[in-house]
Amino acid sequence: MMDIVPEITKNSITKLINEGERPDGRSVDEYRNIFVEPGVISKAEGSARVKLGDTQVIAGIKPSIGTPFPDTPDVGVLMTNCELLPMASPDFEAGPPSPDSVELARVVDRGIRESQLIDLDKLCIKEGEKVWMLFVDLHVIDYDGNLFDACNLAVMSALMDCKIPQATLVDDEVELDYDNMVSLSINDKLSLSTFVKIGDGIVLDPSLDEERILDARLTVGISEEGNCVCSMQKGGSEPLTRDEILDSVHTAFEVKDGLLGNL
């Protein structure tokens, strides 16, 4: 998304960040207030709403039985889609997925896979023929910066909320027992922390005003159980130095427990 920001506004924010301050009074390594509410969609098997400052997103999980991919015949399927609703921001437009929505879905999806958050093996019903497919839908309701971290929290909360019926094979047909709903097998949690470089400084959890003038962006995914970096995504037109990347990763580890404590 390309935004035109008045030069005086850009200079004012950049000056503050260069001095270790921010327009909203936060420290450079501080998140905005986080609110997580699971089970917000009655028709979905799993759902959650997340507010990160004034950014608000909803995630819904819809399971379906389908055919596995040929190269993973005994593994369930996870598919993540993101919709940037026009009501969330004047920058969002109706129509086919934009590059921003595609990147957002891919970053969240990759973090879930690489952290092995879900035990996809346990979603196999009959190898090579029948597996559970989990369709994850993300809807951005209010956009005020840092959709990556908000969407990750929403998807994790929705997956933890999700229940599917017990599935059994009878004469090669799948029978679903809706009186015996089971939770997904959750192996881990993923902390996704997004940083932006503005001027000479780097700040965590960028607001919309900060995102609009960023030089570079870095999103760091850390698994809770493995306590290791499992995904990263670079954005923005400017490079990051080795020290800037390492400092951001160090901060991501420091804020991990507090971030995941919201789930």
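This is a predicted model: local features need pLDDT of at least 70, side-chain atom pairs count only at pLDDT 80 or more; totals for chains, interfaces and linings use all residues.
The lining of the second largest pocket brings together nine nonpolar, four polar and four charged residues. The protein has five helices and twelve strands. Its radius of gyration is 20 Å, close to the 18 Å that the globule rule gives for 263 residues, so the protein is as compact as a globular protein of that length.

**The second largest pocket**

- The volume of the second largest pocket is about 290 Å³.
- Its lining is made up of 17 residues, and those nearest the centre of the pocket are L84, E93, P96, P97 and S98.
- Two elements, strand 4 (77-84) and helix 2 (99-114), each contribute at least two residues to the lining of this pocket.
- Strand 4 gives the largest share of that lining, with four residues.

**The protein as a whole**

- Along the principal axes, the C-alpha atoms of the protein fill a box of roughly 70 × 40 × 30 Å.
- Of the 263 residues, 46% count as buried.
- Among contacts with a separation of 6 or more, 68% are between residues 24 or more positions apart.
- The protein exposes about 12900 Å², and carbon and sulfur atoms supply 48% of that area.

**The cavity**

- Rolling a probe the size of a water molecule over the atoms shows where empty space is left.
- The structure holds one cavity of 30 Å³ or more, and the volume of the largest cavity is about 30 Å³.
- Around the largest cavity you will find F195, V196, K197, I202, A216, R217, L218, L240 and S248 as its lining.
- Strand 9 (190-198) and strand 11 (216-223) each supply at least two of the residues in this lining.
- By type, the lining of the largest cavity divides into six nonpolar residues, one polar and two charged.

- K256 sits in helix 5, which spans residues 242-260.
- The relative accessibility of K256 is 6%, under the 20% cut-off, so this lysine counts as buried.
- Setting aside residues up to four places away in sequence, K256 touches S191, I222, S223, E224 and N227.
- K256 and E37 are 219 residues apart along the chain, and their C-alpha atoms are separated by 19 Å.
- S157 belongs to helix 3, residues 147-161.
- S157 is also buried, because its relative accessible area is 6% and buried means under 20%.
- Beyond its neighbours within four places in sequence, S157 is in contact with V36, P38, S47, A48 and L263.

- Most residues other than glycine have a negative phi.
- D172 is not a glycine, yet it has a positive phi of about 65°.
- You can find D172 in the loop between strand 7 (163-170) and strand 8 (173-183).
- D205, again not a glycine, has a positive phi of about 55°.
- The loop that holds D205 runs between strand 10 (201-204) and helix 4 (208-211).
- With a relative accessibility of 0%, D205 counts as buried, since the cut-off is under 20%.

Methods
Residues are numbered from 1 along each chain as its sequence is written. Side-chain values use heavy atoms; hydrogens and water are left out. On a 1 Å grid over the protein atoms alone, a cavity is a set of points where a 1.4 Å probe fits but cannot get out, and a pocket is an open set with protein on both sides within 12 Å along at least five of seven lines; lining residues have an atom within 4 Å of a point. Grid points are joined across faces, edges and corners, and a volume is the space filled by probe spheres set on the points. Ala, Val, Leu, Ile, Met, Phe, Trp, Tyr, Cys and Pro count as nonpolar, Asp, Glu, Lys and Arg as charged, and the others, Gly among them, as polar. The radius of gyration is taken over C-alpha atoms; the globule rule is 2.2 Å times the number of residues to the power 0.38. Buried means under 20% relative accessible area, exposed over 50%, partly exposed in between (1.4 Å probe, protein chains only). Contact means heavy atoms within 4.5 Å. Accessible areas come from the Shrake-Rupley method with a 1.4 Å probe; for residues, only the protein chains shown count as cover.
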